[in-house]
Amino acid sequence: MEYPKSAYIHIPFCNSKCYYCAFVSTVNQKLQTGYLISLLKDIDTNYKKNLLSTLYFGGGTPSQIPANYVEKIINKFAFEENPEITFELNPENVTEDYLLCLKKFGINRISIGIQTFNDGILKIIGRRHDSKQALSALTIAKDIGFDNISADLIYGLPNQTISDFKDDLQCLKSLNIPHISLYGLKIEENSIFGKKRPNNLPDDDTQADMYLMATKFLNNYNNYEISNFALSSQYKSRHNLNYWKNSEYYGFGCAAHGYENGIRYANIFDIHKYIENPLLKDFGHTETKEEKLQEEIFLGFRITDGINVENINQKYEINFEKKYEKVLSKYLNTGYIIKTNNGYKLTDNGLLISTVILADFI
């Protein structure tokens, strides 16, 4: 049996809850030690000691935990040569000492949650940092030798104009940040914004215009996935590409999702219950062949290179073009999908309505 070569670690601690966030997190820092003990037990029990090619610390805010906790977690894993080890940080947690520790532990890719450089909007969305701290975080990371840096931005924020968003992009572009992730704001029910919707949200058309502007403005970047842009292929997120290629991965920590031996699962969402018993699952589902095919299509179209028809035909023993003849014809004729040398991909306008298009394949 071949074991997953990627692993995700969920660190659920934050200083405060951002108003748009619906991820599982807590501001109770007193739980950190108990959580670490349970997380290490989770890894000891479920990790098969195989070599990993990627490891990803997400959250929450991973940079909330002490550096020695990070070291204990990383030491549980064995790696292939030249692995990608990613660690998410918020600007207010970035210090030279902390980053030097991460570097020493083998972390070679950091992802910083900027969201916007607009101080007024940062306050509206409940972020704890300001633009000065955001710039400082990026500068410190570059100065101490982190080459592979990713920055997150959100568009469609309250009071945000297309010009505001362009200013954010310009800031990252001028700093030559090698990887940029752009996420359109979605109001989740169990977020603070979900309970009290903010005023002055850009409408759907404006949000779409923001995205299209970004794809043109970041013309020196490779828009290799709907939301992700890399200066060159070496900066593409290998961990996330593993997801988008429908490959398997471990999930460790409360609420972490995993995909092993054809089974998709999520660990228990409740942090206290996870600390009591880190082996509890919230759900587990063995995918049918048809479900795997649907995932392959759904994830494959997220990558801007699109899907490889020959690979899908061999893997699932189907004739893709015959099976999906009507859907393909519909979106080829409307210009939302185009044919490539290997298969099909979404056009820029197709990416904007990808959810609608992909629903037709399912």
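The model is predicted.

**Stop 1: the cavity**

Select Ile 11, Phe 13, Gln 32, Tyr 35, Leu 36, Leu 39, Ile 65, Tyr 69 and Ile 73. Together these residues line the largest cavity. A search of the whole structure finds one cavity of 30 Å³ or more. The space inside the largest cavity is about 40 Å³.

Now colour helix H1 (32-46) and helix H2 (67-74). Each helix supplies at least two residues of this lining. Which element gives the most? H1 does, with four residues. By class, the lining holds eight nonpolar residues, one polar residue and no charged residue.

**Stop 2**

Go to the bond from Gly 59 to Gly 60. The peptide is cis, and omega is near 20°. Gly 60 sits in the loop that runs between strand S2 (51-59) and H2.

**Stop 3: cysteines**

Select the cysteine sulfurs. How many disulfides does the structure hold? The count is zero. Take Cys 21, which is in no disulfide. Its nearest cysteine sulfur belongs to Cys 18, 6.2 Å away. A disulfide here would need the two sulfur atoms within 2.5 Å. Is Cys 21 buried or exposed? Its relative accessibility is 14%, so Cys 21 counts as buried, because the cut-off for buried is under 20%. Then move to Cys 101, which at 25% counts as partly exposed.

**Stop 4**

Select Asn 82 in strand S3 (residues 78-89). Asn 82 is not a glycine, yet its phi is positive, near 55°. The residue is exposed, with 56% relative accessibility.

Next, select Ala 255. Phi is positive here too, near 65°, again in a residue other than glycine. Ala 255 belongs to the loop between strand S9 (250-252) and S10. Is Ala 255 buried or exposed? With a relative accessible area of 12%, Ala 255 is buried.

**Stop 5: the sheet S10-S11-S12**

Follow the chain from that loop into S10. S10, S11 and S12 form an open sheet of three strands, in that order, with antiparallel pairing. Strand S10 (257-260) and strand S12 (281-286) are the edges. Each has a single partner strand, so one side of each has no neighbour in the sheet. From one strand to the next, the twist averages 15°.

Zoom in on S10 and strand S11 (residues 263-267). Four bridges join this antiparallel pair. Pick His 257, whose bridge partner in S11 is Ala 266.

**Stop 6: the sheet S13-S15-S14**

Another open sheet of three strands has the order S13-S15-S14, also with antiparallel pairing. Strand S13 (307-308) and strand S14 (337-339) are its edge strands, and each pairs on one side only.

Look at S14 against strand S15 (residues 343-346). Three bridges join the two, running antiparallel. Lys 339 has Tyr 344 in S15 as its bridge partner.

**Stop 7: the second largest pocket**

Select Lys 245, Ile 303, Gly 306, Ile 307 and Asn 308. Of the 18 residues lining the second largest pocket, these lie nearest its centre. The pocket holds about 340 Å³ of space.

Which elements give two or more residues to this lining? They are strand S7 (222-225), helix H9 (238-244), helix H11 (289-300), S13 and helix H12 (309-316). The lining divides into six nonpolar, seven polar and five charged residues.

Key:
Residues numbered from 1 in each chain as written. Predicted model: local features only at pLDDT ≥ 70, side-chain atom pairs only at ≥ 80, totals over all residues. Heavy atoms only, no water. 1 Å grid on protein atoms, 1.4 Å probe; cavity = no way out; pocket = protein on both sides within 12 Å on 5 of 7 lines; lining within 4 Å. Points joined across faces, edges and corners; volume = space filled by probe spheres on them. Nonpolar A, V, L, I, M, F, W, Y, C, P; charged D, E, K, R; others polar. Pairing = 2+ DSSP bridges. Axes fitted to C-alpha atoms, helices over the stretch in contact; angles between N-to-C directions. Buried < 20%, exposed > 50% of the residue type's maximum accessible area, 1.4 Å probe, protein only.
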